[in-house]
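Here is a protein to walk through step by step. Keep the sequence and the 3D view side by side as you read.

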Amino acid sequence: MNKLTEFFFSPCNHFAFISVLLFELNYFDMKKIIFLLACLIAISGFTQTLGTQITAIDGLASNQIGKVFKDHNGNLWIGTQYGLTKKTGTQYVTYTTTDGLPVNTISYITEDNAGNLYIGTTHGAAKFNGVNFTTYDSVANEKIMCILVDHNQNIWFGTNNHGI
């Protein structure tokens with residue numbers, strides 16, 4: 001074996017080589033490495049806590065999810081391609097156009113201070129007061145990308161083609 005081969009295949013030299021590499025990193029590189037390691041640890045812990053998978057077999061309207069929202073009561077609202085599903089504990093209720101949605105493909109969900117839900121779809125928006133849906137004619141046939149309820153309770157719709 002020549003000297004170069006001995007260096008790379010010796011366990012002691014691997015440790016020395018790694019030590020030299022770490023020593024050559026400056027303070028900011030070490031901060032980046034520590035930050036990345038912390039992020040990886042946090043992400044791995046976060047994904048392990050999720051652990052539950054919900055599908056159409058469990059009660060979702062569809063496995064194609066557009067938006068997920070948790071309301072002030074802890075209910076999970078899942079916007080799918082085939083309607084809006086409310087998950088409360090182990091119970092599932094799905095709302096569709098027959099209940100008052102403009103269309104079944106949900107693109108956005110948010111809530112105001114009174115607990116009303118605002119649902120954006122690929123063709124308009126609706127407000128859900130827990131019992132009835134009210135559609136918004138001003139954004140009918142618009143793909144709703146986002147909805148904001150401001151501090152004065154004004155409703156702002158972000159659309160795909162026509163701004164706010």
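How many aromatic pairs does the structure hold? The model is a predicted one, and it holds 7 aromatic pairs. Take the pair of Trp-77 and Tyr-95. Their ring centres are 6.1 Å apart and their planes stand at 25 degrees, so this pair is stacked. The cut-off behind that word is simple: planes under 30 degrees apart count as stacked. Now find the two residues in the chain. Trp-77 belongs to strand E2, residues 76-80, and Tyr-95 belongs to strand E4, so the pair ties together parts 18 residues apart in sequence. Both Trp-77 and Tyr-95 are buried.

Another pair is made by Phe-128 and Phe-133. Here the ring centres are 4.3 Å apart and the planes are at 25 degrees, so these rings are stacked too. Phe-128 is buried, and Phe-133 is buried as well. Ring pairs join Trp-77, Tyr-95, Phe-128 and Phe-133 into a cluster.

Step back to the whole chain. The protein has 3 helices and 10 strands. Starting at the N terminus, the order is α-α-α-β-β-β-β-β-β-β-β-β-β. There are 164 residues in the protein, and buried ones make up 27% of them. The protein exposes about 11,200 Å², with carbon and sulfur atoms supplying 60% of that area. Now count contacts between residues at least 6 apart in sequence. Of these, 27% join residues at least 24 apart.

Next come the sheets. Strands of a sheet pair through backbone hydrogen bonds, either parallel or antiparallel. Strand E3, residues 83-88, pairs with E4 in the antiparallel sense over 5 bridges. Thr-85 has Thr-94 in E4 as its bridge partner.

A further open sheet of 4 strands runs in the order E5-E6-E7-E8, with antiparallel pairing. Its edge strands are strand E5 (106-111) and strand E8 (133-135), and each of them pairs on one side only. From one strand to the next, the twist averages 25 degrees. Inside this sheet, strand E6 (residues 117-121) pairs with strand E7 (residues 124-128). The pairing is antiparallel and has 5 bridges. Thr-121 has Gly-124 in E7 as its bridge partner.

Which residues form the largest nonpolar core? It has 12 residues, including Phe-69, Trp-77, Leu-84, Tyr-95, Leu-101 and Ile-106. Also among them are Ile-119, Ala-126, Phe-128 and Phe-133. The elements giving two or more residues to this core are E5, E6 and E7. The members of the aromatic cluster, Trp-77, Tyr-95, Phe-128 and Phe-133, are listed in this core.

Set aside its neighbours within four places in sequence. Leu-101 is then in contact with Leu-84, Tyr-95, Thr-96, Ile-106, Ile-119 and Phe-133. A second, separate core has 8 residues, among them Tyr-118, Ile-144, Ile-147 and Phe-157.

Finish with the loops. Most residues other than glycine have a negative phi. Asn-141 has a positive one, near 70 degrees. Where does Asn-141 lie? It is in the loop between E8 and strand E9 (144-149). Is Asn-141 buried or exposed? Its relative accessible area is 62%, so Asn-141 is exposed. Exposed means over 50%.

Gln-153 also has a positive phi, near 65 degrees. Gln-153 lies in the loop between E9 and strand E10 (155-159). Its relative accessibility is 32%, so Gln-153 counts as partly exposed.

Definitions and conventions: Residues are numbered from 1 along each chain as its sequence is written. This is a predicted model: local features need pLDDT of at least 70, side-chain atom pairs count only at pLDDT 80 or more; totals for chains, interfaces and linings use all residues. Side-chain values use heavy atoms; hydrogens and water are left out. Buried means under 20% relative accessible area, exposed over 50%, partly exposed in between (1.4 Å probe, protein chains only). Contact means heavy atoms within 4.5 Å. Accessible areas come from the Shrake-Rupley method with a 1.4 Å probe; for residues, only the protein chains shown count as cover. Two strands pair if DSSP finds at least two bridges between them. Axes are lines fitted to C-alpha atoms, for helices over the stretch in contact, and angles run from 0 to 180 degrees between N-to-C directions. A nonpolar core is a set of buried Ala, Val, Leu, Ile, Met, Phe, Trp, Tyr and Cys residues joined through side-chain atoms within 4.5 Å. Rings of Phe, Tyr and Trp (its six-membered ring) pair if their centres lie within 6.5 Å; planes under 30 degrees apart count as stacked, over 60 as edge-to-face and the rest as tilted.
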